[in-house]
Amino acid sequence: MMNNMFNFKNKVAVITGGARGIGKCIAEKFREAGAVVCVIDLLDNDYFVGDLADKQALEAFAAKVIADHGHVDYLVHNA
């Protein structure tokens, strides 16, 4: 359980490579602290499947995040 001193309610966290391993753990901790988490990964996940090296996929992901949430508060480049 995350320490109560971390409150990310109404915050948007973008996490690359967040479908497994360290990225997945980071995403889970942000969610536990109240953040909305937007993951991009090559692996199946609950937000966006895509390759960061593909310009069109990255632009589509960015457009989706902004359309869905209007802003980004945190970017964790884990991929």
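Begin by selecting helix α1, residues 21-32, in this predicted model. The helix comprises twelve residues, and the distance from its first C-alpha to its last is 17 Å, close to the 16 Å expected at 1.5 Å a residue.

Within α1, display the side chains of Ala27 and Phe30 together with Gly23; these three residues are buried. They lie on the same side of α1, because the arc they cover around the axis is only 65°.

Next, turn to the cysteines. A search of the whole structure returns zero disulfides. Select Cys25: this residue takes part in no disulfide, and the nearest cysteine sulfur, belonging to Cys38, is 19 Å away. Is Cys25 buried, exposed or partly exposed? Its relative accessibility is 46%, so Cys25 counts as partly exposed. Now select Cys38, which is likewise in no disulfide; its nearest cysteine sulfur is that of Cys25. Cys38 has a relative accessible area of 0% and is therefore buried.

Finally, move to the surface and select Ile66, Val72 and Leu75. These residues form a nonpolar patch, with about 280 Å² of accessible area together. Where does Val72 lie? Val72 is found in the loop between α2 (55-69) and β4 (74-77). With a relative accessible area of 40%, Val72 is partly exposed; this value is above the 30% that a residue must exceed to be counted in a patch.

Methods: Residues are numbered from 1 along each chain as its sequence is written. This is a predicted model: local features need pLDDT of at least 70, side-chain atom pairs count only at pLDDT 80 or more; totals for chains, interfaces and linings use all residues. Side-chain values use heavy atoms; hydrogens and water are left out. Patches are made of residues with over 30% relative accessible area and no salt bridge: like charges are joined within 9 Å, nonpolar side chains (Val, Leu, Ile, Met, Phe, Trp, Tyr) within 5 Å. Accessible areas come from the Shrake-Rupley method with a 1.4 Å probe; for residues, only the protein chains shown count as cover. A salt bridge is a side-chain nitrogen of Lys or Arg within 4 Å of a carboxyl oxygen of Asp or Glu. Helices (H or I, at least four residues) and strands (E, at least two) are DSSP runs, numbered from the N terminus. Buried means under 20% relative accessible area, exposed over 50%, partly exposed in between (1.4 Å probe, protein chains only). A disulfide is a pair of cysteine sulfur atoms within 2.5 Å. The expected span of a helix is 1.5 Å times one less than its number of residues. The arc is that of the directions from the helix axis to the C-beta atoms.
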